[in-house]
Structures are given as C-alpha cells and as structure tokens.
Amino acid sequence: MNLFLELLLFLATLLYSYLEAFVKLFVPVRRKSLSGELVLITGAGHGVGRATALEFAKRQSRLVLWDINKHGVEETAAECQKLGATVQTFVVDCSKREEIYSTADKVGQQGHSQRLSQTCFISRKVRKTRVEVLYTNPASPRKLPTPRCSLYIEAFLPVMMNNNYGHIVTVASAAGHFVTSFMVAYCSSKFAAVGFHKALTEELSTLGKDGIKTTCLCPVFINTGFVKNPSTRLGKILEVEEVVEALMEGIVTNQKMVFVPSNQSVGLLLERVFPERALNLLKKITDVKFDAVIGQRSTQ
C-alpha cells in the first residue's frame, strides 16, 4: 500500500474512532464478570491493596493475597472470607526475586493464574531491579533497570500468555504524570511504573495477546498516611474507598488508564498545550502542600 492510501486509511480510522467515542457516551459500557476469577493482589495487608481485595471478595473472586506483614494480610483474608470469598495468603518480601518466584510456584501448584491483578507498590526508597520481560534479548549482557513490579509480571505472565487471558493492574500515581516538589524519588518511581505499563501494553498488542488487558491506576493524594497533612486549593484529598471504586470500574470496563479524579486527564492535556509561564502560575494557584513524606525528613 502506498503512502497516500495509508494516509487515507489513517483519516478514515481517525473519524471512525471519534464517532465510536461519541456513541459510547450514550451506550452503556459492557462490564465483565469477576466471579470465580483467580486474583493475585500484592500489598494486600493495608491501604489500597486491602480495599481492592475486599471489592474483589464482594464479587466472589478467588483471592491470592501477598504482603510482607503477616498480621495485616491475615486480617484482610479474614474480612474477605466473611464476604464469602475463597482466600489464600502468603507472606512475601516483594523486593526479593527468589521469594516472588518460589511463592509464584506455590500459587501455580494450587491453580494456574488466569487473571492477575497486580497491585504494584514502589518502595519509598527507589530500588532498581534488573530483569528482562517478554521478548528482550536474553543473550544480551546488559539488562536495563525496570520497576520492581515487573518481577510479578515476569513470574506470572508466561501462563497468561499461553492462555491469552488475564488482566494486569499497575497502581501508579498522578505523580507518574505530574511532578511535585520535594518528591523526586517518589515521582521518579511512579513515572517508571507508568512507563512500564505503557510499554507492556504496547508489547502485548504487538504480540497479538489481545486477551490480556492492562490497567494503570493514577490517583492524586490519598488519605493513607503516606504523606503528612497534604492539601490543595483545587480538588481534594482522596479517600481509599473512592480510589478503589474507580479502579474496579476501570478493571470491569478494561480501561487502560484510570485517573482519580478523572479531570487529571484534562490537566495532562493542558501540560502539553500551555506555555511554561502559564503552567507555573497554575501550579501556584493549585498550591499543593504537605508537611513531609512519612519516613523521610521534611525538606520544607
């Protein structure tokens, strides 16, 4: 096909896509069932991980819960079992590759992982994990640093690819798109998580694995205690429940990127079209503040 015909095809596809998006404004989106699906959730002993586990339990999913905190993950499991869910728990240090792989083998022995909900919490300290995912060259002596969450994918993705079935969820942050002063390490790790999600999504598409869906969650500040006394003049500090509600909607409707609140996507557009001077003024008007990132000395 010559270039002229390819450009015509592009324009036709563009128009069709806009028309499809317009129609979807009035047609309810089809939601998939999560009942009976095998769901792995890391960091399930607290915060967003625990709340997500409870939501899957309400939908009668089969849960595999990981956390480094034995007491926390067992508490979550007990709450999920009260909701009628089948639950298995594992104490895993997700910074250690060998623990991830050995626990993944145990999960595999008890039932193949069909759907993976991978809640990926990057450490407050930036860690670099050297791994290779999918079709990078295994003979290459140079292995690039990638987010720690890629270890979970490397452990479970082969089964998912064989079945061409599953759903991978990466919990990132709005800080993976917009930077905030005094959070250099945190923003860097979340940019890496967002980039990992996008690259993995693209590679699965290239390989024709359309049965494996991906979702990236990007909320603003959440009231979990990670950041001390956050505030902003525009918007609000989120509660865990509303973040998880948006995440679950994103999963059942196969959304690739879930912003909470949803108007963050508009901010992403503005950052690309506004001049730098106007953006700097807008940041001052927004006036995002916090006392400290818990576990770090305040720089303010």
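Biologist: Which residue forms a salt bridge with Arg-50, and how far apart are the closest N and O atoms?

Modeller: Side chains of opposite charge can pair when their charged atoms come close. A salt bridge here is a side-chain nitrogen of Lys or Arg within 4 Å of a carboxyl oxygen of Asp or Glu. Arg-50 pairs in this way with Glu-79, the closest N and O atoms being 4.0 Å apart. Glu-79 lies in helix H3 and Arg-50 in helix H2, so the pair ties together parts that are 29 residues apart in sequence. Before we go on, please note that this is a predicted model, where local features need pLDDT of at least 70, side-chain atom pairs count only at pLDDT 80 or more, and totals for chains, interfaces and linings use all residues. Residues are numbered from 1 along each chain as its sequence is written, and side-chain values use heavy atoms, with hydrogens and water left out.

Biologist: Is Arg-50 buried or exposed?

Modeller: We call a residue buried under 20% relative accessible area, exposed over 50%, and partly exposed in between (1.4 Å probe, protein chains only). Arg-50 is buried at 19%, whereas Glu-79 is partly exposed at 33%.

Biologist: What else does the side chain of Arg-50 reach?

Modeller: The backbone oxygen of Gly-72, at 2.9 Å. Salt bridges that share partners also join Arg-50, Glu-75 and Glu-79 into one network.

Biologist: How many salt bridges are there by this rule?

Modeller: The count is eight. One of them joins the side chains of Glu-249 and Arg-31, at 2.3 Å from N to O. Glu-249 lies in helix H7 and Arg-31 in the loop between H1 and E1, so this pair ties together parts 218 residues apart in sequence. Glu-249 is partly exposed at 28%, and Arg-31 is partly exposed at 47%.

Biologist: Which residues have the most contacts inside the largest nonpolar core?

Modeller: In soluble globular proteins, nonpolar side chains tend to be buried together. A nonpolar core is a set of buried Ala, Val, Leu, Ile, Met, Phe, Trp, Tyr and Cys residues joined through side-chain atoms within 4.5 Å. The largest one has 31 residues, and Phe-56, Leu-63 and Leu-65 have the most contacts inside it. Elements that each supply at least two residues of this core include H2, H3 and H7. H7 gives the largest share, seven residues. Another core, of 14 residues, lies apart from it and has Leu-38, Cys-94, Val-107 and Leu-151 among its members.

Biologist: Where is Ser-173 found?

Modeller: Look in the loop between strand E6 (166-171) and helix H6 (184-206). Ser-173 is buried, with a relative accessible area of 7%. Its side chain reaches the backbone nitrogen of Ala-175 at 2.9 Å. Contact means heavy atoms within 4.5 Å. Not counting residues up to four places away in sequence, Ser-173 touches Tyr-186, Lys-190, Leu-217, Cys-218 and Pro-219.

Biologist: And where is Gly-235 placed?

Modeller: Gly-235 is in the loop between strand E8 (227-228) and H7, and is exposed at 67% relative accessibility. Its C-alpha atom is separated by 8.6 Å from that of Thr-286, 51 residues apart along the chain.

Conventions:
Helix = DSSP H or I, 4+ residues; strand = E, 2+ residues; numbered from the N terminus. Polar contact = N/O pair within 3.5 Å; in protein donor to acceptor, adjacent residues only side chain to side chain.
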